[in-house]
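Open the model in your viewer and keep the selection tool ready. The stops below follow one after another.

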Amino acid sequence: MQSTLIVKDLEHKYGAIQSLKGVSLEVHENEVVALIGANGAGKTTLLRCISGILKPCGGSITFEEESIYGLSSHKVAKRGIAQVLESRHVFPKLTVMENIQMGAFLRKDKQNIPGEIEGLFEIFPRLKERVWQTAGTLSGGEQQMLVMVRAMISNPKLLILDEPSLGLAPIFIDEIFNIIPRLQKMGSTILLVEQNASMALAVADRGYVMETGRITLTGTGSELLGNDEVRKMYLGEE
């Protein structure tokens, strides 16, 4: 299976504190990979190094067989990586449609965009109902859906989801996790970082467990769901 993303021996420091200690992971084409771990494990730091928001200090990041190590976030985005940040950055005074169109800013094939938006509205029907509503008036769950659609309409080769369930009501959490496999069926490759370990591993082909800046376990989603250590530490089971 072809690897879309390969991270090898990645290091990062905040001053004297080493936040990533030789992290290695792979994401294959059309795969959902979950990265789980407690708060402060280094998950968001890793994502920000991949997407160019932070600069690592060692190791390598290869995307589609080309190095993206140390590139700016703008250049990483142009290569085809879209990241949905945990803080749900919408443009609050713009409508739902205007927010989505912002995601297509870098695309050259403008003629394909309306049809793709309609296709995404089939997966996110709530947004179609609110298409001319300003984004700032949406609920938290609807804003999460909006930033996912905005990322998808950029036609990314890799979609990074950072804590998509954070702060959402249970009904929206269920909806988001039902949507992820549908995006995969559309051909998406997804790296999912999520504290809700049971839901993340249930939709993942493979997963990684991160602790204090290191990858400590890896396996298929079902293997990790059945792992005694994972069950005890992340699923609240004895």
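Start with Asp 9, in strand β1 (residues 3-14). Helices (H or I, at least four residues) and strands (E, at least two) are DSSP runs, numbered from the N terminus. This is a predicted model, in which local features need pLDDT of at least 70, side-chain atom pairs count only at pLDDT 80 or more, and totals for chains, interfaces and linings use all residues. Residues are numbered from 1 along each chain as its sequence is written, and side-chain values use heavy atoms, with hydrogens and water left out.

Check the backbone of Asp 9. Its phi is positive, about 50 degrees, although it is not a glycine. Asp 9 is partly exposed, at 42% relative accessible area (buried means under 20%, exposed over 50%, partly exposed in between; 1.4 Å probe, protein chains only).

Next, select Glu 163, in the loop between β7 (158-162) and α7 (170-185). Here too phi is positive, near 50 degrees, in a residue other than glycine. Glu 163 is buried, at 5% relative accessibility.

Now turn to salt bridges (a side-chain nitrogen of Lys or Arg within 4 Å of a carboxyl oxygen of Asp or Glu). The whole structure has eight.

Select Glu 142 and Arg 126: their side chains form a salt bridge, 4.0 Å from N to O. Glu 142 lies in helix α6 (residues 140-152) and Arg 126 in helix α5 (residues 125-129), so the pair ties together parts 16 residues apart in sequence. Glu 142 is buried at 7%; Arg 126 is partly exposed at 22%.

Finish with Arg 130, which meets Glu 142 in a salt bridge at 2.9 Å, N to O. Arg 130 sits in the loop between α5 and α6, twelve residues from Glu 142. Select Arg 126, Glu 129, Arg 130, Glu 142 and Glu 175 together: salt bridges that share partners join them into one network.
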